[in-house]
Amino acid sequence: MSQIVLQAEGINKSFHDPITIPVLKDIIFSINKGEFVSVIGKSGCGKSTLLYILSTMDTDYEGNLFIDGESMKQKKEGQLALVRNAKIGFVFQFHYLLNEFSVLRNVMLPGLKLGTYSEQEVEHRAMEKLKILGIENEALKMANQLSGGQKQRVAIARALINDPLIIMGDEPTGNLDKKNGEIVFNIFQELAHEFKQTLLIVTHDNEFAKSTDRIIEMDDGRIIKL
Amino acid sequence: MNIKLIISIAKSLLLARWKQTLVAAIGVTFSITMFITLLSFMSGLNDLLDGLILNRTAHIKIFNEIKANPKQPINLSKKFKENYNFIQSIKPNGARQEIYNNGAILKALKADNRVMGIAPKITAQVFYNVGTIDITGVINGIDVEAENRLFFFKDYVTTGNYIDLLNVPNSIILGKGAATKMLANIGDVIQITTPKGDRIQLKVVGYFQSGLLELDKVQSYASLATTQKLLGKPNNYITDIQIKLFDITQAPKIGKEYAKIFGTDAEDIQTANSQFETGSSIRTLISYAVGITLLIVAGFGIYNILNMMIYEKMDSIAILKATGFSGKDVNAIFIIIALSIGFFGGLVGLLFGFGLSSVIDQIPFNTASLPTIKTYPINYNPKFYLIGTIFSLVTTYFAGMFPARKASKIDPVVIIRGK
């Protein structure tokens, strides 16, 4: 049996404002190392909410979450930040690059924060990641000088910088046109198959989902198909 | 926490909005500049006004006060010891103003290592004769050299040379006001009447200007020997001993000690001039209050700008948090932003403050009552610069603390999902 990277054990979550509405009901599943998983479901079914809980950013839930065999439930804010830094790479619908920094620096920031490598090494690694994504020529431009597709690729490079255990994506192609969407999708395919990168992507694009290894389908806060 | 990384992020955020940063820094610069200038000027003025009195006042004055003897015979009698004795109409008994056995006292004072210097003095009431009119006056017989060394006598002799008091026999330095009244020029001979009725002629060798107009109309100076001669007293006659101490704060204690040992009265400077200390401390208090108010206003400016910056940078903060920066890191970033505004704004403020004080120091300031002062007084005390630095850092720290805490509490999920 292959190694389990992420495991959700009976996760429940409700919104309490203005009245209590359960949004996630008894979520149980796990992801193995090297899997390319997509989560699909209708709008409002709770798939993004689940993703933010899995990414440790949202801590207001019941049940338990294990990342790399460690329970996230008892960890404090600072410790969770370290987990996100070292083990999770995140790609959002919107690129969220810091306009004050160059592309290279944007990619380097999480690596510098981790502090495993020296600044020169982090820079070298960042260039390598940009090369994988085919945008090494843009490295020294400022973040706001790039096109939308390029920005999203920089965001992926940033997610990769610390060689994360898992990359999570929240509709990473949602804001892109078809062509750029395909480029980003192909990058994910390449990462999954060539680099054996574990990926968990939330999407409403069924075509995108079909070409992944495994589809988790959600409806009304429950997983209806694993 | 990777300090170098945090600083580099703070720097990028600062420089990305350099205009706002500049405005905030100028606020700090302005307040520190004014703080330094105000305190330097105020304190210079305080020193000047205090010096007006303190430089010329003995820390301890030993003299004999004319007063009734506290040891009345009835109190010494054993018979009436248990009684409460009412005594009326007592007169001072044949008191003499002369300090008895002053040679021994002077010797004892010279041996005391707390004493910086001593200057014996004689105060003599006289009348200046102007034609048929007599004007009351006081001649201070002084030890010219000691007086100059301890009380800067030379600075107040505006015309003529102070040392002529020693060189020219029967000479006098007249108060400026008194000289004007008598129409006495340098080199003129004036006539005075002593309390005993003797008429004596003295040569005017200079004018004295103390800065206190009333005093200058009355006071004049002559050497000890001249004064003894005009009073018809022997050359060991002195009425006051002025003492300057190394540590002025010890004056009340040492004064009491001397009064007991020498059996005379002793007045310390704190008791004699308490109003000056009060004035100085209140002026200092006001300048600090104004300076600190300026800094607090600048602090609010920084607070506003940081708050705005946090709203603008909401996304950036969210993404920093999503990629592994903790609330503590974000907090540190904004604290560093605030502190660097305070540090650089404050540093420039210190320089400008020094510059502005130097400019004020050059502005001519002539007043008849202050003969030694030519420009506005400035005190370049490094203490003000230290306080300015500390205050600029402390206020900017507090101004940054609340926005930074807010930034550190931003929930990335709310921001990211909100798009």
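This is a predicted model: local features need pLDDT of at least 70, side-chain atom pairs count only at pLDDT 80 or more; totals for chains, interfaces and linings use all residues.
Reader: Start with chain A. What does its secondary structure come to?

Author: Chain A has seven helices and 10 strands.

Reader: And what is the radius of gyration of chain A against that of a compact globule?

Author: Chain A has 17 Å. A compact globule of 226 residues would be near 17 Å, so the two agree.

Reader: What does the C-alpha trace span along its principal axes?

Author: About 50 × 45 × 40 Å for chain A.

Reader: How much of chain A is buried?

Author: Buried residues account for 48% of its 226 residues.

Reader: What about contacts in chain A between residues at least 24 apart?

Author: Take the contacts between residues at least 6 apart in sequence. Of those, 69% join residues at least 24 apart.

Reader: Give me an example. Where is A:Ile53?

Author: A:Ile53 sits in helix H1 of chain A.

Reader: Buried or exposed, A:Ile53?

Author: Buried, because A:Ile53 has 23 C-beta neighbours inside 10 Å. The cut-off for buried is 20 or more.

Reader: Which residues does A:Ile53 touch, leaving out those up to four places away in sequence?

Author: A:Ile11, A:Lys13, A:Asp58, A:Tyr61 and A:Leu65. A:Ala8 is 45 residues from A:Ile53 along the chain, and their C-alpha atoms are separated by 9.6 Å.

Reader: Where is A:Thr56 found, and is it buried or exposed?

Author: A:Thr56 lies in the loop between helix H1 (47-54) and strand E4 (62-67) of chain A. A:Thr56 counts as buried because it has 21 C-beta neighbours inside 10 Å.

Reader: Which loop is B:Ser89 in?

Author: The loop between helix H3 (73-76) and helix H4 (102-111) of chain B.

Reader: Why is B:Ser89 called exposed?

Author: B:Ser89 has 5 other C-beta atoms within 10 Å. Exposed needs 12 or fewer.

Reader: Switching to helix packing. At what angle do H1 and H15 of chain B pack?

Author: Helix H1 (residues 3-16) and helix H15 (residues 327-362) of chain B pack at about 55°, with axes 9 Å apart. That makes H1(B) oblique to H15(B).

Reader: Right-handed or left-handed crossing for H1(B) and H15(B)?

Author: H1(B) passes H15(B) in a right-handed crossing.

Reader: Which residues meet there, in H1(B) and H15(B)?

Author: From H1(B), B:Ile6, B:Ile7, B:Ile9, B:Ala10, B:Leu13 and B:Leu14. From H15(B), B:Asp329, B:Ala332, B:Ile333, B:Ile336, B:Ile337 and B:Ser340. The residues of this contact divide into 10 nonpolar, one polar and one charged.

Reader: Last topic, the two chains. How many residues of chain B are in contact with chain A?

Author: 21 residues of chain B, in contact with 24 residues of chain A.

Reader: Which helices of chain B each supply at least two residues to that side?

Author: H1, helix H14 (314-322), H15 and helix H17 (412-417). H14(B) gives the most, with five residues.

Reader: How do the residues on that side of chain B divide?

Author: Nine are nonpolar, seven polar and five charged on the side of chain B that touches chain A.

Definitions and conventions: Residues are numbered from 1 along each chain as its sequence is written. Chains are lettered from A and ligands numbered from 1 in the order in which they are written. Axes are lines fitted to C-alpha atoms, for helices over the stretch in contact, and angles run from 0 to 180 degrees between N-to-C directions. Helices (H or I, at least four residues) and strands (E, at least two) are DSSP runs, numbered from the N terminus. Angles under 35 degrees count as roughly parallel, over 145 as roughly antiparallel, 65 to 115 as roughly perpendicular and the rest as oblique. A crossing is left-handed if the near helix is turned anticlockwise from the far one by less than a right angle, and right-handed if clockwise. Two residues are in contact if their C-beta atoms, placed from the backbone, lie within 7 Å. Ala, Val, Leu, Ile, Met, Phe, Trp, Tyr, Cys and Pro count as nonpolar, Asp, Glu, Lys and Arg as charged, and the others, Gly among them, as polar. The radius of gyration is taken over C-alpha atoms; the globule rule is 2.2 Å times the number of residues to the power 0.38.
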